[in-house]
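Okay, thanks everyone, I'll keep this short. Have a look at the model on the screen, and then I'll walk you through some of the helix packing.

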Amino acid sequence: MACMKLGSKSDAFQRQGQAWFCTTGLPSDIVVEVGEMCFHLHKFPLLSRSGVMERRIAEASKEGDDKCLIEISDLPGGDKTFELVAKFCYGVKLELTASNVVYLRCAAEHLEMTEEYGEGNLISQTETFFNQVVLKSWKDSIKALHSCDEVLEYADELNITKKCIESLAMRTSTDPNLFGWPVVEHGGPMQSPGGSVLWNGISTGARPKHTSSDWWYEDASMLSLPLFKRLITVMDSRGIREDIIAGSLTYYTRKYLPGLKRRRGGAESSGRFSTPLASGTVLSEEEQKNLLEEIQELLRMQKGLVPTKFFVDMLRIAKILKASPDCIANLEKRIGMQLDQAALEDLVMPSFSHTMETLYDVDSVQRILDHFLGTDQIMPGGVGSPCSSVDDGNLIGSPQSITPMTAVAKLIDGYLAEVAPDVNLKLPKFQALAASVPEYARLLDDGLYRAIDIYLKHHPWLAESERENLCRLLDCQKLSLEACTHAAQNERLPLRIIVQVLFFEQLQLRTSVAGCFLVSDNLDGGSRQLRSGGFVGGSTEGGGGGGGWATAVRENQVLKVGMDSMRMRVCELEKECSNMRQEIEKLGKTTKGGGSANGGGGGGKTWENVSKKLGFGFKLKSHQMCSAQEGSVSKSNNENVKIEKLKDVKERRGKHKKASSISSER
């Protein structure tokens, strides 16, 4: 620690309770009260060093008091600083440090301890020490700036605060790894001019570790919020990198807001600022709210500077502390700007509303998603889809624009599945959030189907029309084979959706199996060519055709395995459709009450016609598989007609049930 000793006399001051006495052998003739402390001193040492004390003693002497009393209530630094000032007036050894120099400099200015009242007075002594010692050291500048809090008004008038901030900003803007000898104080062991570590002045040959850019975070976090804010503003004006400033702001916030979670893993813990030391200062709720709002304003509105997790934690704390609506809106906007970098656990925020309508804050997530969709994450042309054209069913667009939107779609689907079990979550909120994601963002609708299924499971009281409206969000053509299999057996889904799933699943299987047969035929033809040309290739090129033949055989085996699995799946679907046909025929026979056999046969033929039109009654043979591609387009166009006919069958079944019940009652 840098220090400087003044004077040469021994300490002649003694404290007794709330009073200080100067034991020089002469009785005191003046009492100076500073706060609750009394100083029994002598007039001459004081008036010979201070203009203020000279005037006050003169005024007290005119009143004729033998022992004058002087009260000083507004002295910077209080009684502790005046104790040092009094010792300096008596010529006692005084140690100047970075922690007391600001108080002494402000007190000397207040008491007018200039060179007019003695050469080498306290103002010149403290000014010299401050400029030549304190400002040349990072640690001493931090200590001096920290001490400015209690005397901020005086320190600002004397430009002490400004000088400290400028010194600190200058040092943070310089790479400490470029410094020569002597080494920077925070760097650890001393270094030689060549850069090797010194031990007792002897070069060890070892190279020191490079200092990271966050070396000053902990020291700066000791400052109060107003001083820290001024320091960051000056650093920003000096062109310090934005990510470094953002890191210091997050470090400071985590240190004084205990509600923020501190991750020790992942990208956020790569720097030293991820795990700040515990602070002894405990802020009140009002101070915490003020800190949060101030830090939020200092952070730049730029994507990627601060982890999304940090903004989510700040948003949660802001709602707990009831921060201003502008602060909450800005935090939601910041999260929305980089929503594609968020994790599912970040979005699952509890609701802090007094009404407690829902367990989770779905409204906030909806606003965050709206901000993401409104920040032009798609192509610059302002088009609603990043795809410039469609060719053979494939989207042609920029992968950079599709990837963030796809990540957000997956994130929102996961969030919907997480909040779906909440029985208080209304259908319009759930449906609006699911519909906010553009259709092109979902490569598969499996995640959305899972969320809808969970919601229907925990909301069994929904009407059939509400279920159908919700399920209209699904695109059955974008469901995987596993999802289609689950949906076909899902009793919670409306009948219309199940029929669509079965239709598209069969269409998909038909096309895939037919394609496999065509590829198999091509491979068989190719294998024959290889078989016929393999000998020639082997004789002319040294057996090069052997490797091609082995590759063709392996591919043919893989395709055959795939065709076998598809045949098994189609057989299972045929069995399901056959069971459905038998059940409906039984219901038709019971409702007719023993009608003619021809009528029953007619009902069977009717079902066969309906099943054939819906695509359920086909039988897989090799020549039918090859012709399946030709009829798939016309069948997809008649989807609505098939569904209406199936509904007619369902209505007739209900009417027959009603008629049979009435006849039985009679």
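When I say buried, I mean under 20% relative accessible area, with exposed being over 50% and partly exposed in between, using a 1.4 Å probe and protein chains only. On that basis, 42% of the 666 residues in the chain are buried. Before I go on, this is a predicted model, where local features need pLDDT of at least 70 and side-chain atom pairs count only at pLDDT 80 or more, while totals for chains, interfaces and linings use all residues. Residues are numbered from 1 along each chain as its sequence is written, and side-chain values use heavy atoms, with hydrogens and water left out.

So, the overview. There are 27 helices and 11 strands in the chain; those are DSSP runs numbered from the N terminus, H or I with at least four residues for helices, E with at least two for strands. Contact, for me, is heavy atoms within 4.5 Å. Of the chain's contacts with a separation of 6 or more, 69% come from residues 24 or more positions apart.

I30 sits in strand β4, residues 30-34. Its relative accessibility is 0%, so I30 counts as buried. I30 and I70 are 40 residues apart along the chain, and their C-alpha atoms are separated by 7.6 Å.

Now the helix pairs. Axes here are lines fitted to C-alpha atoms, for helices over the stretch in contact, and angles run from 0 to 180 degrees between N-to-C directions. How do α3 and α4 pack? Helix α3 (78-89) and helix α4 (101-110) meet at about 75 degrees, axes 10 Å apart. That makes them roughly perpendicular to each other; the cut-offs are under 35 degrees for roughly parallel, over 145 for roughly antiparallel, 65 to 115 for roughly perpendicular, and oblique for the rest. T81, L84 and V85 of α3 touch Y103, L104 and A107 of α4. By class, that's five nonpolar, one polar and no charged residues. Nonpolar covers Ala, Val, Leu, Ile, Met, Phe, Trp, Tyr, Cys and Pro, charged is Asp, Glu, Lys and Arg, and the others, Gly among them, are polar.

Stay with α4, which also packs on helix α5 (122-132), at about 150 degrees with axes 9 Å apart. The α4 side brings V101, L104, R105, A108 and E109, and the α5 side brings L122, I123, T126, E127, F129 and F130. This contact has seven nonpolar, one polar and three charged residues.

Further along, helix α18 (427-436) and helix α19 (446-458) have axes that come within 12 Å and cross at roughly 175 degrees, so α18 and α19 are roughly antiparallel. L427, F430 and A434 of α18 meet L448, A451, I452 and Y455 of α19: seven nonpolar, no polar, no charged.

In α8 (160-172), the buried residues include I160, C164, I165 and L168. What do the buried residues of α8 pack against? The answer is α4, α5, α6 (138-147), α7 (152-157) and α10 (225-237). For α14 (325-337), the buried set includes C327, I328, L331, E332 and R334. Among the elements covering the buried residues of α14 are α12 (285-298), α13 (308-320) and α16 (362-373).

Terms used:
The expected span of a helix is 1.5 Å times one less than its number of residues.
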